[in-house]
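Welcome! Get your viewer ready, and we will go from one selection to the next together.

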Amino acid sequence: LSPQMWTNSINQANKMALIAWAKETGINLVQINGQRRYGGPPPDWVGDPPPAGTEVFIGKLPQDMYENALIPLFQSVGELYEFRLMMTFSGLNRGFAYAKYSNRRSAKQAIAAFNNFEVREGCAIVVCKSTEKCELCMDGLATSVSRRELEALLRQVTEGVLNVTLYASPCQKRAQLALLKYSSHQAAAMAKKTLMEGNMRFGGVEMRVDWLSPDLKQKLQSCEEKPSSSRVQRGKCLGVPKRAPMSPVLRNTLDHLNTLCRRQYLGTPLFLTKCIQANPNGWLRFWCQVVIPGCPVPFSGFTWVQQDGQGRSGHEEAKVAVAVHVLRLLGES
């Protein structure tokens with residue numbers, strides 16, 4: 001059974017019911033980067049998007065339930081501006097969704113009506129006000145990375161970047177932390193998903209991406225933007241475990257690419273890798289992308305790799321493969 005046939009066979013009856021419902025109602029559902037969306041704006045919408053406080057979070061959904069059951073339910077208390085259902089590669093939902101209403105009153109009514117509501121017998125869902133966070137933190141950046149360089153690269157792989165601010169990392173020595181501000185909660189959530197699932201590395205160094213917590217935000221506000229390297233070295237570590245050193249093959253390959261990019265004034269490469277298929281024999285298929293500031297188009301493609309049993313992850317093997325390919329395209333063997 002091929003991966004595509006296997007995916008199509010999961011929850012087939014409900015998928016067909018969804019297709020029939022969408023055709024009958026004329027509702028258009030668009031799936032982009034792991035979420036399926038209705039509206040934003042809906043048909044015949046006039047005016048600006050709804051203000052903050054109009055979106056609700058919906059959790060504990062049965063994974064085989066789709067918009068043909070959910071949209072009519074949540075439309076029953078008010079006009080929906082947008083409905084977003086988070087999806088897996090198999091076509092099941094990820095157990096949560098977001099509904100944005102045309103006004104705050106409808107959002108409050110949805111919470112009152114549907115929090116702890118049983119969408120099926122024994123399946124009570126959670127409905128609460130969406131936090132609508134718009135800020136992320138990215139920790140582990142090298143001290144040599146500039147704000148302008150990071151912002152340019154983020155604009156190539158994410159949408160809605162408003163501002164990037166650099167600080168000394170409070171968790172890692174000789175490293176920086178970036179505060180990333182996005183235009184909306186949806187843009188920030190999609191950026192977080194892209195950066196986390198893409199196993200993002202900047203200049204060969206792995207980074208951690210998460211929502212910006214209020215405590216960390218308050219701490220950063222008392223710091224100077226992008227302090228000197230001497231101050232970074234004096235920063236106290238908050239107990240983050242040390243990462244295992246990279247293998248010589250990985251380190252040499254990435255160093256070669258980084259050196260070439262510096263020599264040709266192309267900027268620091270940004271790696272994104274995502275495992276999309278795993279075979280029983282140990283082979284892994286990865287989608288890979290390398291963004292180089294001085295190159296107008298990112299290098300993207302797919303590769304098969306197999307873990308070598310020496311402690312390297314599949315993501316590291318994929319980075320070796322894609323780095324070798326990029327080196328060849330740039331005229332290096």
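**A guided tour**

Start by selecting Asp139, which is found in strand E9 (residues 135-142). Keep in mind that you are looking at a predicted model. Is Asp139 buried or exposed? Its relative accessible area is 4%, under the 20% cut-off, so Asp139 counts as buried.

The side chains of Asp139 and Ser169 make a polar contact at 2.7 Å. Beyond its close sequence neighbours (up to four places away), Asp139 also touches other residues, including Cys171, Gln172, Met207 and Arg208.

Next, color the strands of the open sheet. Six strands line up in the order E1-E2-E4-E5-E3-E8, with antiparallel pairing. At the edges you will find strand E1 (29-32) and strand E8 (126-129), each pairing on one side only. From one strand to the next, the twist averages 20 degrees.

Zoom in on strand E2 (residues 35-39), which pairs with E4 in the antiparallel sense over five bridges. Here Arg37 stands opposite Arg84 in E4.

Then show the helices. H3 lies across E1, E2, E3, E4, E5 and E8, and runs at about 145 degrees to E4. H4 packs on the sheet too, where it touches E3, E5 and E8.

Finish with the nonpolar cores. Which residues of the largest one touch the most other members? Select Ile58, Phe74, Phe83 and Tyr101: they do, out of 29 residues in this core. Elements giving two or more residues to this core include helix H2 (12-25) and strand E3 (55-59). A second, separate core has 23 residues, among them Leu141, Met207, Val209 and Leu270.

Key. Residues are numbered from 1 along each chain as its sequence is written. This is a predicted model: local features need pLDDT of at least 70, side-chain atom pairs count only at pLDDT 80 or more; totals for chains, interfaces and linings use all residues. Side-chain values use heavy atoms; hydrogens and water are left out. Helices (H or I, at least four residues) and strands (E, at least two) are DSSP runs, numbered from the N terminus. Buried means under 20% relative accessible area, exposed over 50%, partly exposed in between (1.4 Å probe, protein chains only). A polar contact is a pair of N or O atoms within 3.5 Å; within protein, one must be able to donate a hydrogen and the other to accept it, and residues adjacent in sequence count only if both atoms are side-chain atoms. Contact means heavy atoms within 4.5 Å. A nonpolar core is a set of buried Ala, Val, Leu, Ile, Met, Phe, Trp, Tyr and Cys residues joined through side-chain atoms within 4.5 Å. Two strands pair if DSSP finds at least two bridges between them. Axes are lines fitted to C-alpha atoms, for helices over the stretch in contact, and angles run from 0 to 180 degrees between N-to-C directions.
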